[in-house]
Amino acid sequence: MDKILIIEDDEMLNAGVCFHLEKGGRQPVPAYDLKTAEAVIKKETIALILLDVNLPDGDGISFARKIREKMNTPIIFLTAQDMDEDMIRGFEAGADDYITKPFNIKILMQRMEAILRRCRKEEKNTVYCCKNLQVDFASMTVRKGGKPLTLTPTEFRLLQAFCRNPGQVLTREMLLDKLWDSEGNFVDEHTLTINISRLRSKISDEENSYIKTIYGMGYQWMEGEDE
């Protein structure tokens, strides 16, 4: 049974969402602040997170960014902040959906089901293998020649961008759009260059270089023989 974490300090609203989730065959896990939510995430396998923006001990936007650095658990913001700028910040922080209050509970349930269905399909193919590399997108782990390889969150997001687009030339602008630092700011050109260099040094060996520079254009992930 999928466990859904509801991080919402409005007790009545939290209880109402929990009721409908139980009715729909899900297992709700209520949390009324971020401290409790962090403890839940550490010990439970959560399928989806419903997250308010304004909470007693912090803001949901920053919390979502922290989650995104460690895991790909789907996040739906559930908030009264309905300005376009608020929604943009939510999606930039890694949200899969953004629902404003007041909302229709039936529509919320359907949106959650749609995301869970998508995740189940993605889970069937979360491991990507290329030459002597094995990348698990779900657990955000990498192995090289069967041995664990340590990457920073930014290096992993960069590797994921390449693995998801094999053979495609990715411009620097495209890569910059995919790389956000922990404060939600764009990674700059210099930082991108450093991260590509570090990633190359970690994944490459004498036989495989993986990332090919296309001068004047960008970079290309090489699945076949390097040219």
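User: On helix 2, which residues on the other side are exposed?

Analyst: Lys35, Lys42 and Lys43 are exposed there. Exposed means over 50% relative accessible area, buried under 20%, and partly exposed in between, with a 1.4 Å probe and protein chains only. Bear in mind that this is a predicted model: local features need pLDDT of at least 70, side-chain atom pairs count only at pLDDT 80 or more, while totals for chains, interfaces and linings use all residues. Residues are numbered from 1 along each chain as its sequence is written, and side-chain values use heavy atoms, leaving out hydrogens and water.

User: And which residues of helix 2 are buried?

Analyst: Helices are DSSP runs of H or I with at least four residues, strands are E runs of at least two, and both are numbered from the N terminus. In helix 2 (residues 34-43), Leu34, Ala37, Val40 and Ile41 are buried.

User: Why are they on the same side of helix 2?

Analyst: Because they cover an arc of only 115° around the axis; the arc is that of the directions from the helix axis to the C-beta atoms.

User: What covers the buried residues of helix 2?

Analyst: Among the elements covering them are strand 1 (3-7), strand 2 (27-31) and helix 3 (60-68).

User: Now the sheet: in what order do the three strands come?

Analyst: Strands pair if DSSP finds at least two bridges between them. Here the order is 12-14-13, in an open sheet with antiparallel pairing. Strand 12 (169-171) and strand 13 (211-214) are the edges, each pairing on one side only. Four bridges join strand 13 to strand 14 (residues 218-221), and lysine 212 has glutamine 220 in strand 14 as its bridge partner.

Key:
Contact = heavy atoms within 4.5 Å.
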